[in-house]
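Dear colleague,

Please find the structure below, together with its sequence.

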Amino acid sequence: MIAALSFATNGFASAPTTPDSCPPESMDLLVYLNAQSSAVDFMTNVLHMADHTTPAATVMAEMMTNFKPIGSHTQHICEATDILYADPAMDPVDGQSGDVNYPYGDIKVLLTVGEYLPSNGYMLVGVPDGMGAMLKDDSTVRIVFQSESYGPMYYESYPFIVNPDGASFTGSHVMYVDYDRDSLAEFMSNGRSAEGMVKDAGNLIESVYNLKGNLVEQRSEDGCTTHPHYSNTDPEGCGMWENIMNTGTPTDADWLMQSLCSAHLEEKHQWGEGIGVEDDLFITNEEWTRYVTGSNYTGIPAHVIDIATKASYAAGVFTLGGFEKIVEVNCGHPDYVCFSPSGYNGAFEVDGTSEAARKNAMGKRPDGTDYVFPQNVCPARLYIGKKGYNAKGEPATDFLSRNGLAYGHLYGFATNQAGAAYDASNSDSGRDGWHKTEGRANGDTVSGAFYPIDWQWDGEV
């Protein structure tokens, strides 16, 4: 029901309140809103969303016009090509699909951001990015996706509330929508919308554990939180927001889950008995952020969600530089897991020259040369983790340990081949330049090897 949104709007940093029971039968939305005091509060807040450029009546009109159940929209955001170049020619119509003459197959809409689940008012939010799908049970397909959202850096998403004390996050959400399996199998062969096959939807994250393995708490107003979301603090959980984060303070939340980007859903033993992770999980990552240059920021980790328990765990084993995507690959061995992280390596929007100087003041690289700021130093990487061991190398059975995501090592590909060397002053150097070389063909190789980096996660922030 819509009152669930009211709670997420009026008390972001307080423990969730149990809403009134949903009506036993569906009713017109306006009738329902008028009959529920909590829903009236929500709509009052909507009226206050107005500003000098958007009158309250306009906000209300937009809300009521676009407030539709999950799966009800059928028009496409995607296009086969820009409508200006459509063949045959067509004129753009607001709210209608553009060019849908897709070259390789048909496309239908499963869900659209802003739609809601009529049974409880849960609304899809953000810009969908990383996703995965699996069988929840024999009759249900679960699609998991996240929103790449940026909190106070641009437009804040409504917060999601987690953990016993009601800690709250704005920014990226991870959501699921469950569909009837038989209906989904027939979906592409009929002209119906997806609305009738939606069975459930909601947040995939109900508990959040930080890099130290503690449940994240509400942010303390004095600048130090005992169990923080370390992506927004120093390693001690301290630093007023403006001392660490080079962006505005969240308006209605404790923490920022910044820009979850691409992602991957990994199912238990997906390559055979005992091969691969031990639980169904969704692995995602904060890809970039804005820190204050010179501040004692912690960095941004991967986040691994136990799909069965809806618990999210910050994972430090891949380093804390942010990523585009992390995907499991087949180790072929029951005692280990292998993952390939890609993209970024310190996209913090800080002064790289100053930060490299800070690092070099602490000591040089193992070969005696200076460190450089690593943002664009992104070799092919491979993580190998030992299942059943914690970050100290001790036998353990907790979620990250049993899945090989607590104890392991990251390796990077290195080569002395001149044509593949990266030159910061030449945008066509490195991997991109190598692939663009005239005459390059499938099967061409680069000589080199994977070497362990001079760092390993030990559980200490």
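Asp351 caps the N-terminal end of helix H7, with a side-chain oxygen 3.0 Å from the backbone nitrogen of Thr353. Such a polar contact is a pair of N or O atoms within 3.5 Å; within protein, one atom must be able to donate a hydrogen and the other to accept it, and residues adjacent in sequence count only if both atoms are side-chain atoms. Helices (H or I, at least four residues) and strands (E, at least two) are DSSP runs, numbered from the N terminus.

Please note that this is a predicted model, in which local features need pLDDT of at least 70 and side-chain atom pairs count only at pLDDT 80 or more, while totals for chains, interfaces and linings use all residues. Residues are numbered from 1 along each chain as its sequence is written, and side-chain values use heavy atoms, with hydrogens and water left out.

H7 covers residues 352-362, and its buried residues are Gly352, Glu355, Ala356 and Asn360. Seen down the axis of H7, these buried residues fall within an arc of 140°, so they line one face of the helix; the arc is that of the directions from the helix axis to the C-beta atoms. Buried means under 20% relative accessible area, exposed over 50%, and partly exposed in between (1.4 Å probe, protein chains only). Ala361 and Met362 are exposed residues on the face of H7 turned away from its buried side. After H7 comes Gly363, whose phi is positive, near 145°.

**The chain as a whole**

The protein chain has nine helices and 17 strands. It has 461 residues, of which 45% count as buried. Its accessible surface comes to about 23000 Å², and 51% of this belongs to carbon and sulfur atoms; accessible areas come from the Shrake-Rupley method with a 1.4 Å probe, and for residues only the protein chains shown count as cover.

**Strands and pairing**

Strands of a sheet pair through backbone hydrogen bonds, either parallel or antiparallel. Here, two strands pair if DSSP finds at least two bridges between them.

S1 and S2 (residues 140-147) run antiparallel and are joined by seven bridges. Among the partners, Met134 is bridged to Arg142 in S2.

Elsewhere, five bridges join S15 (residues 381-386) to S16 (residues 408-414), and these strands run antiparallel. Gly385 has Gly408 in S16 as its bridge partner. S16 is also joined to S17 (residues 449-452) by four bridges, again antiparallel. In S17, Pro452 is the bridge partner of Tyr411.

**Two buried residues**

Thr233 lies in the loop between strand S7 (207-209) and helix H6 (241-244). Is Thr233 buried or exposed? Thr233 counts as buried because its relative accessibility is 3%. Leaving out residues up to four places away in sequence, Thr233 touches residues including Pro228, Cys238, Trp255 and Tyr297, where contact means heavy atoms within 4.5 Å.

Met257 belongs to strand S8 (residues 255-257). Met257 is buried, with a relative accessible area of 1%. Ser172 is 85 residues away from Met257 along the chain, yet their C-alpha atoms are separated by 5.5 Å. With residues up to four places away in sequence not counted, Met257 touches Ser172, Phe169, His229 and Glu286, among others.

Yours sincerely
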